[in-house]
Amino acid sequence: MSTNNHIPINRPPRPPKPPRPHPSIAALSTFISNLPQNAGAQPPPLPSKLRYDVYGPLLLLPPTSPLASPPWSTYISSLPLQYQLDLYKALAESLNVTHIAINSPIPSKSVDNQNQIRAPQITPIYGSFGPLDSVEFEKVFWTSTVQHGVFQTWCPLHTMFSRGNITEKARVHDLVDRQLGMLRKRDKGGMRVGAVDLFVGIGYFAFSYLKAGVDVVYGWDINPWSIEGCRRGALGNKWRVRVGSSTTDSGDRDGVGVERSEEEERLVIFAESNEYAPTRLRRIKEDAEQRGKKWVHIMHVNLGLLPTSAGAYETALEVLGLNDGDGEAWVHVHENVAKEDADGMKSDIEKRFGELAGKVWDPEGFEVGVEVEHVEFVKSWAPGVWHCVFDVKVSWRRIIISSTGSLSGEGEG
Ligand SMILES: C[S@@+](CC[C@H](N)C(=O)[O-])C[C@H]1O[C@@H](n2cnc3c(N)ncnc32)[C@H](O)[C@@H]1O
């Protein structure tokens, strides 16, 4: 029998396979189809996707997530409690997490005492977060993440974490890495370089400086949960860390005691208001000098408080005033600003820093330069408002008055 007399069969093209739903949506779909008829109201149509962030074992839903707003939020709360838990369990398992919370934006209106520590506002909805009012670090839930190879950990009930700062962390790292590379070539490694973070939090920026190779970072924060997160984070990155003494420990607001900082320490965190930073660092410097050790050159000061860090400009300059000899350094000023006002703010910052620098370096004895070298638009904060970082370069040079009465900088002929 001949085998080559087949009539070619023209099959109709196969319809494209419907795209597979995301595991989280598939989990919701399975949950709903398994619900008994009498479980409650009719479920709303499935969302096409969920918006969320996963940090280690924590799923954080933004307030705009379909599950956090009607009709889904209303539907979920209409379900008997056990079904609500089953739904969240299914969702958690689909994303390989153990905890779920809904995030709310941190109120941005003011930096007054209402939320000075910038505590997050999250609503835990699944998993055990520990007692809300506990002051014991071990009793509450901690989570962590790794960004650009840097480990960070925090207690979501008590400290904020902003995913949007990731680009700024990388920028700070790369900037400092480049600067140190050039400095080490010139200086052959003799100079110890330091950075100060006046709002250190859980260490986002402090860790960028350390990863870039700064010898030591001194940090301040008034939130014990942030300090503990920063301490744990440093240990997780294998950086030697110490929580320094604090003015509040002694109950004496003016009593800034002697603080010895050993050279092997990479991070020292002070649990007190940053207004004490200049005095505390001066004591550390004096102690180092008495022991014949060299004081670090503070090359960067970070001011990461939003919506404005203006209250700390003077402190930042006082800290830079502790540097010996002529030099230059950078203050990274975080501010919320409308895009069209950023240029105006740049000029205002230069003017303000110029005025304040006159208090730190005697204008008769020093020539001081202040320049905003770069403005970084980090992330949109609210419609039309940007979280910006202004890199303020400050340089100072002692003026020598020669016998002929002419002025020159130190080291010049
Ligand atoms: C926006 S958060 C900083 C975020 C930080 N970059 C991080 O890694 O978490 C501001 C931090 O400044 C702290 N803070 C606010 N006022 C302060 C002050 N006067 N002295 C020291 N820390 C302060 C808050 O407790 C909070 O942790």
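Visitor: Of the contacts in this chain between residues at least 6 apart in sequence, what share joins residues at least 24 apart?
Guide: The share is 68%, where two residues are in contact if their C-beta atoms, placed from the backbone, lie within 7 Å. This is a predicted model, in which local features need pLDDT of at least 70 and side-chain atom pairs count only at pLDDT 80 or more, while totals for chains, interfaces and linings use all residues. Residues are numbered from 1 along each chain as its sequence is written.

Visitor: How many helices and strands does the chain have?
Guide: There are 10 helices and 15 strands, taken as DSSP runs numbered from the N terminus (helices are H or I with at least four residues, strands are E with at least two).

Visitor: And which residues of H1 meet H3?
Guide: Pro-23, Ser-24, Ala-26, Ala-27, Leu-28, Thr-30 and Phe-31 in H1 do, and their partners in H3 are Asp-86, Leu-87, Ala-90, Leu-91, Glu-93 and Ser-94.

Visitor: Switching to strands, in what order do the 4 strands of the open sheet come?
Guide: The order is S1-S2-S3-S4, with mixed pairing, and strands pair if DSSP finds at least two bridges between them.

Visitor: Why is one side of S1 and of S4 left without a neighbour in the sheet?
Guide: Strand S1 (53-55) and strand S4 (121-126) are at the edges and have a single partner strand each, so one side of each has no neighbour in the sheet.

Visitor: How many bridges join S3 to S4?
Guide: Strand S3 (residues 99-104) is joined to S4 by 5 bridges, and the two run antiparallel, with Ile-100 standing opposite Tyr-126 in S4.
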